[in-house]
Amino acid sequence: MTSEKSSTMDDVLIEMEAIREFVVESLAEFRSELSAMNLKIQSADKKTDELDNSYKDFCEKYSGLEERIENIFQSSRNSSTDSGKRKYISDDEEEEEDEEEDETSIPSTLDDISPQVKENLKKIYNNLSYMKDKEKVTKVQLTFIHYWLLQKDSNCPTKADDIKELISDGIKAGLWKQGWKPDIRGEFQIYLQDKVKNIVKKAKIAKEKARLKKDLESCEDLLESCHSVHFD
């Protein structure tokens with residue numbers, strides 16, 4: 001009887017050792033894949049930063065080019081008479097006044113928007129990482145973009161019609177006006193489309209990293225359980 005019990009115990013121990021070895025091997029393989037995934041994520045983040053920097057450099061290099069060319073032609077057309085010159089200066093001053101008015105009417109904090117919209121955005125606003133030197137929109141505008149994405153049923157609302165809806169909703173919420181755009185070259189719709197794609201992409205990466213971390217913790221817990229098994 002004792003011999004049979006000993007034999008059974010040996011079989012159980014052998015089986016547990018096999019399970020432990022399998023878990024150890026699987027965990028090692030998982031860690032290797034996790035490391036490779038992290039390298040890919042870091043590479044993707046680096047490429048995203050490089051594209052952002054290249055776009056910023058491009059915008060700075062050619063900022064105001066169209067306006068300068070237009071000013072040259074306008075100056076040439078109006079140089080024949082003093083009245084024409086005065087007209088050009090007047091138009092320029094009026095344009096500057098319009099730009100100043102647009103800038104002051106764009107909300108930069110939660111206090112600049114309606115109480116209802118403020119209440120909806122407050123939680124996201126307080127937890128949102130915002131780097132002013134890298135963003136073309138204000139923090140409250142960026143907060144609204146994140147909030148808008150959370151309200152969408154689609155996991156990737158980046159089509160042209162989606163972005164048009166975002167612009168329309170932003171106008172209704174008082175985040176920007178019809179025809180407004182930040183200090184960018186090109187259309188506001190294209191800028192928003194790229195911004196939304198980038199936010200969605202980073203959210204997917206963060207979700208995947210969280211899932212991998214949870215799986216790793218589960219494997220480590222299982223390995224710890226195998227080590228802690230004792231038989232009388």
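I started with Lys122 and Glu119, whose side chains meet in a salt bridge at 3.5 Å, N to O. I took a salt bridge as a side-chain nitrogen of Lys or Arg within 4 Å of a carboxyl oxygen of Asp or Glu. The model is predicted: local features need pLDDT of at least 70, side-chain atom pairs count only at pLDDT 80 or more, and totals for chains, interfaces and linings use all residues. Residues are numbered from 1 along each chain as its sequence is written, and side-chain values use heavy atoms, with hydrogens and water left out.

Where do Lys122 and Glu119 sit? I found them three residues apart in helix α4 (residues 115–127), so about one helical turn separates them. Helices here are DSSP runs of H or I with at least four residues, strands are runs of E with at least two, and both are numbered from the N terminus. Lys122 has a relative accessible area of 36% and is partly exposed. For that term I used these cut-offs: buried is under 20% relative accessible area, exposed is over 50%, and partly exposed lies in between (1.4 Å probe, protein chains only).

**Other salt bridges**

I noted five salt bridges in the structure. Side chains of opposite charge can pair when their charged atoms come close.

Lys152 and Glu165 form one of them, at 2.9 Å, N to O. This pair links distant parts of the chain: Lys152 is in the loop between α5 (139–151) and α6 (160–172), while Glu165 is in helix α6, 13 residues apart. Lys152 is partly exposed at 22% relative accessible area, and Glu165 is partly exposed at 34%.

I then looked up Glu208 and Arg211, where the N to O distance is 2.7 Å. Both lie in helix α7 (residues 188–227), three residues apart, about one turn of the helix. Glu208 is partly exposed at 25%, and Arg211 is partly exposed at 41%.

**Gln141**

Is Gln141 buried or exposed? It is buried, at 0% relative accessibility, and belongs to helix α5. A polar atom of the Gln141 side chain lies 2.8 Å from the backbone oxygen of Leu175. Not counting residues up to four places away in sequence, Gln141 touches Ile106, Pro107, Leu175, Trp176 and Trp180; contact means heavy atoms within 4.5 Å.

**Nonpolar cores**

I counted as a nonpolar core a set of buried Ala, Val, Leu, Ile, Met, Phe, Trp, Tyr and Cys residues joined through side-chain atoms within 4.5 Å. Which members of the largest core touch the most others? They are Leu175, Trp176 and Leu192, in a core of 28 residues. The elements giving two or more residues to this core are α4, α5, α6 and α7. Leu192 is in contact with Ile145, Ile163, Leu166, Ile167 and Trp176, leaving aside neighbours within four places in sequence.

α4 has 13 residues and reaches 19 Å from first C-alpha to last, close to the 18 Å expected. The expected span is 1.5 Å times one less than the number of residues. I noted a kink of about 50° in α4, centred on Leu121; the bend is the angle between axes fitted to the seven residues ending at a residue and the seven starting there. Val117, Leu121, Ile124 and Tyr125 are buried in α4. What covers the buried residues of α4 includes α5.

Technical notes: A polar contact is a pair of N or O atoms within 3.5 Å; within protein, one must be able to donate a hydrogen and the other to accept it, and residues adjacent in sequence count only if both atoms are side-chain atoms.
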